[in-house]
Amino acid sequence: MAAVEVENLSVHYGPLRAVDGVSFTAAFGEVTAVLGPNGAGKTSTIEICEGFRRPTSGSARVLGLDPWTQRTELHREVGVMLQDGGVYPSARVGETVAQFCRLYNRGASADELVARVGLAERATAMWRRLSGGEKQRLCLALALAARPRVAFLDEPTSGVDVNGRDDVRGIIRDLAGEGCAVVLATHELDEAERLADQVVLFNRGQIVANSTLANLRSSRTTVRFRSSSSLDAAALARHVGLDVAENNDEFTISFSSPDSSMASDLVSRISVWLGSNSLPLHDLNVGGERLEDIFRMLTKDKGS
Amino acid sequence: MSPLSAQIGAELSLVRRNGEQLLVTLGIPLLLLGFFGSVDILPTDTDEPVDFLVPGILALAIMSTSMVSLGIATGFERSYLVLKRLAATPLGTGRLIVAKTIAVACVEAVQMALLVALGLTLGWGPASANWLFALAAVVVGTFAFAGIGLTLAGNLRGEVNLAAANGLYLVLLLLGGVLFPLDRLPAFLEVIGRATPTHALADVLADSLMSTGAHTATSWLVLGAWAIIMPMVAARTFRWS
């Protein structure tokens, strides 16, 4: 049994199909990154899995339970981290974590959790006095108070400084290492790339990619190089017969082909074309696609 | 420790932490009773103004705790997503409501004790008081006012809810027959006043504590209707986030 099973799920708000027949699973011991532009349907889908809303059609099962009708049972074993908020402004770090440990009553130690998320020295600070990063750490601690078998984490490193991000990522890896199914909603593609075993990419209410990160990256080959800003990307695209993306003098050509000789053939055609147009060629790189490129390609004409 | 006792602890801690709200909840009724019970300037139609004032001020105190305090705190909890976060724990809606009710009951117990003590100090003499009826009135009144407070809290933004709850408190204070008999108001305002839960509660409390001999069946009906309808409206319309 997968920890999270979403089957043909749809959510409609009036005429808007926020989520349109999506299916995916999240496994125990893995980090599943749920990605997508704003309004792509991620939050609605995750909120159904968390038991906050009902689907219009289709189903979601978490730990084999219906999140809407079996909420109380489910919430004993699920940790939830909201994107922001969730704590009373005058509540103190230590007492809030202690309250949540008592609510879950699963043996988590408040002091240990506060220390684990790096807030031991801020244990008596009120929520309203915390920095953005500290608030995220506290919210993570509240999710961990459940000793969860499934954790839904929404933007866990938003506002966290660079060192803090490493700490939070370490905690998430440890969670998955302990067998917890971590469902990570994030806009930080770098974070997803570092943490995710599985990637579910939403766009316009549908899933446009659902695979392991390794499979996603190897499914397409990318030739990336730098040249002069005067390079006419449209002319090069016509020459090689593929789309050419430009970003700050970096040009990217991505293609799907099982034939590895296509990459070397493409490189030689690019190099000849650049030479014939008296344009330089720098930092040539051929390899699997970055998650950011995949994200752009699959969502470029849509979303915000 | 069970989730319920954990949440009761959190609710009571929240009451303590919101000291300014507690001050208003306890302070305003005490101030009104102390001042108007000492100086005979209100048209209370009784020999001792305190005899008229105590039941009404008790009703006012219940209104301030179960409608204003509870409503404002819950409204802000909703806008801060505290309720949404709690909804993702094993606590459950039922235990959350029980925890809030117990916190309200604790504050009301302190209010009642302080107000009765102040009333007795000012010369109030409860005559053949039926404390059981009075307690029943307090419970029914709490349901009525909590229903109103949670209806506002569940539908309005935090700041708007704050203004609405305080505004309604003032209106009900003036129209509820707490500081002066309703027959001193213009006829149309008297009709409105008699339909308010504040007057209904003050009326049944007065009869329970002072054996006024008034026919309180209508007031019981009015209070009961508010106590049934408003919690239902709150439950149907409440938005958790």
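**Ground rules.** I number residues from 1 along each chain as its sequence is written, and chains are lettered from A in the order in which they are written. Since I am reading a predicted model, I keep in mind that local features need pLDDT of at least 70 and side-chain atom pairs count only at pLDDT 80 or more, while totals for chains, interfaces and linings use all residues.

**Chain A, overall.** I looked up the secondary structure of chain A and found 11 helices and 13 strands. Here helices (H or I, at least four residues) and strands (E, at least two) are DSSP runs, numbered from the N terminus. The C-alpha atoms of chain A fill a box of roughly 70 × 45 × 35 Å along the principal axes. Of its 304 residues, 42% count as buried, meaning that 20 or more other C-beta atoms, placed from the backbone, lie within 10 Å of a residue's own.

**A sheet in chain A.** Next I traced an open sheet of four strands in chain A, with the order E11-E12-E10-E13 and antiparallel pairing. Strands pair if DSSP finds at least two bridges between them. E11 (245-247) and E13 (282-288) of chain A are the edge strands with a single partner each, so one side of each has no neighbour in the sheet. I then followed E10 (221-226) and E12 (250-255) of chain A, which pair over six bridges. One bridge to look at joins Thr221(A) to Phe255(A) in E12(A).

**Chain B, overall.** How many helices and strands does chain B have? I counted 10 helices and zero strands. The radius of gyration of chain B (taken over C-alpha atoms) is 18 Å. The globule rule (2.2 Å times the number of residues to the power 0.38) also gives 18 Å for 241 residues, so chain B is as compact as a globular protein of that length. Of these 241 residues, 47% count as buried.

**Where the chains touch.** Finally I turned to the contact, to which chain B gives 19 residues and chain A gives 19 residues. Two residues are in contact if their C-beta atoms, placed from the backbone, lie within 7 Å. Which element gives the most to the side of chain B that touches chain A? I found that H1(B) does, with six residues. That side of chain B has 12 nonpolar, three polar and four charged residues. For these classes, Ala, Val, Leu, Ile, Met, Phe, Trp, Tyr, Cys and Pro count as nonpolar, Asp, Glu, Lys and Arg as charged, and the others, Gly among them, as polar.

Terms used
A residue is buried if 20 or more other C-beta atoms lie within 10 Å of its own, exposed if 12 or fewer, and partly exposed in between; C-beta atoms are placed from the backbone.
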